[in-house]
Amino acid sequence: MKFTCSKNKLQEAISIAQKAVTGKSPMPILQSLYISAKDNTLTLIGSDIDLSIETKIEADVEEEGTTAVDSKIFGEIIRKLPNSSVNISTIENNSIEIICEKSKFDLVHMDPEEFPSLPKINENIIFSIPQKTLKNMIKGTIFATAQDETRPILTGILFEVKDKKLNLVALDGYRLALRSNNIDNENTINAVIPGKTFNEVSKILGDDDENVNITFTPNHILFNLGQTKIISRLLEGEFIKYNSIIPEDYKLKVTAKRVELLNCIERASLMGKDGNTNLVKFDIKDDTLIITSNSQLGKVREELNIILQGNELEIAFNSKYLIDVLKILEDEEIVMEFDSSVSPCVIKNKENNGYTYLVLPVRLLRS
């Protein structure tokens, strides 16, 4: 194998393919990048079996061939080379030679035959969606995935297509995040994508209206971004029927300025950091929201003007869960719906479209 390519393009391709390499695998080959040089194209693949990323760049290929090199050290070498053309060729002693201007490295390679082959997926495109739209939907849900593995299905995000709408849903037992977007597609799809996959996909997606094509098989999802393909296993099992969790009725509705509310909760949470609950208490009455927090550190009281429809209420929350939601929203005003001090709070926008968030309260001990 022998090829020449731009250092910057190679570095970018390594950075993309590396996102699938965890570095924790007991199989040494999975800590490598697979490299194929053919038809003046360089293909790089990273994989941890569950997630595989393939990306292609142009290269001047003199001798076709394949190799596999340690992902971390290869990435470091290329990153630190001068911004110039890089010449890479296989040499004796199971090594590759990397030459860039006056720098020369010999790097031991592995047997590319040991690298796992990618799942075969027939790309009859199920549907396309603008990269920017999908990226925003992932950002708006991924924070609510479960972090522990006790219920593996909750570490993923439900990818649901029905009634010409794409819904992404994440929940961890304390909060729920739902993002919806209208799409021109008649299919019905119900699959759970690992949170790790979506985390890496969102880093690769662009901030533009160029489409990403998505294909499903019974066990895998494939995202095709042209020069880059991401293939991931789906999580097995049934996702929780989220529609039955979201309350349809409420007894009081609060309309508040999002940034002011976020600032008040963040300040109040400074006193709530005693223990792990980050507890803040809401006292809602007379078009005013009073937020308080007490701990061994001291106490704080914040007051915010709101528009209140309905009865007064006292309710408490883990401030972190509210802050997570308010930070990723962009609306100037948000709506919070409450039923009782032990029922979830539902957060929406005024038009009641695009998203729904649900946060469970913390039960207050009545003295």
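This is a predicted model: local features need pLDDT of at least 70, side-chain atom pairs count only at pLDDT 80 or more; totals for chains, interfaces and linings use all residues.
**Notebook: hairpins, sheets and helix packing**

I started at the S3/S4 hairpin: 3 residues sit between the two strands, and Ile49 in the turn has a positive phi of about 75°.

**S2, S3, S4**

I then looked at how S3 pairs with S4 (residues 51-58), and found 7 bridges, with the strands running antiparallel. Leu44 stands opposite Thr55 in S4. On to the pairing with S2 (residues 32-38): S2 and S3 are antiparallel too, over 5 bridges. There I found Ala37 opposite Leu42 in S3. The S2/S3 hairpin has 2 residues between its strands, and Asp39 takes a positive phi near 50°.

**H1 against H2**

I wanted the geometry of this helix pair next. Two packed helices are described by the angle between their axes and the distance between the axes. For H1 (residues 7-18) and H2 (residues 71-80), the axes come within 9 Å and cross at roughly 155°. Angles over 145 degrees count as roughly antiparallel, and H1 and H2 are therefore roughly antiparallel to each other. The handedness of the H1/H2 crossing came out as left-handed.

Which residues meet here? From H1 I listed Lys7, Leu10, Gln11, Ile14 and Gln18; from H2 I listed Ser71, Lys72, Phe74, Gly75, Ile78 and Arg79. I sorted the residues of this contact into 4 nonpolar, 4 polar and 3 charged.

**The 9-strand sheet**

I traced an open sheet of 9 strands, with antiparallel pairing, in the order S14-S11-S12-S13-S26-S25-S24-S18-S22. S14 (189-194) and S22 (307-310) are the edge strands, each pairing on one side only. I got an average twist of 15° from one strand to the next.

Inside this sheet I checked S12 (residues 165-171) against S13 (residues 175-182): they run antiparallel and are joined by 7 bridges. Leu171 has Leu176 in S13 as its bridge partner. H4 (residues 195-204) packs on the sheet, where it touches S11 (156-162), S12 and S14, and its direction makes about 85° with that of S14. H5 lies across S18 (252-257) and S24 (333-338), running at about 95° to S18.

I counted 8 bridges joining S20 (residues 288-295) to S21, which run antiparallel. Thr292 has Arg301 in S21 as its bridge partner.

**Whole chain**

The protein chain has 6 helices and 26 strands, and its C-alpha atoms fill a box of roughly 80 × 50 × 35 Å along the principal axes. Of its 367 residues, 51% are buried. Of the contacts with a separation of 6 or more, 66% are between residues 24 or more positions apart.

Technical notes. Residues are numbered from 1 along each chain as its sequence is written. Side-chain values use heavy atoms; hydrogens and water are left out. Axes are lines fitted to C-alpha atoms, for helices over the stretch in contact, and angles run from 0 to 180 degrees between N-to-C directions. Helices (H or I, at least four residues) and strands (E, at least two) are DSSP runs, numbered from the N terminus. Angles under 35 degrees count as roughly parallel, over 145 as roughly antiparallel, 65 to 115 as roughly perpendicular and the rest as oblique. A crossing is left-handed if the near helix is turned anticlockwise from the far one by less than a right angle, and right-handed if clockwise. Contact means heavy atoms within 4.5 Å. Ala, Val, Leu, Ile, Met, Phe, Trp, Tyr, Cys and Pro count as nonpolar, Asp, Glu, Lys and Arg as charged, and the others, Gly among them, as polar. Two strands pair if DSSP finds at least two bridges between them. Buried means under 20% relative accessible area, exposed over 50%, partly exposed in between (1.4 Å probe, protein chains only).
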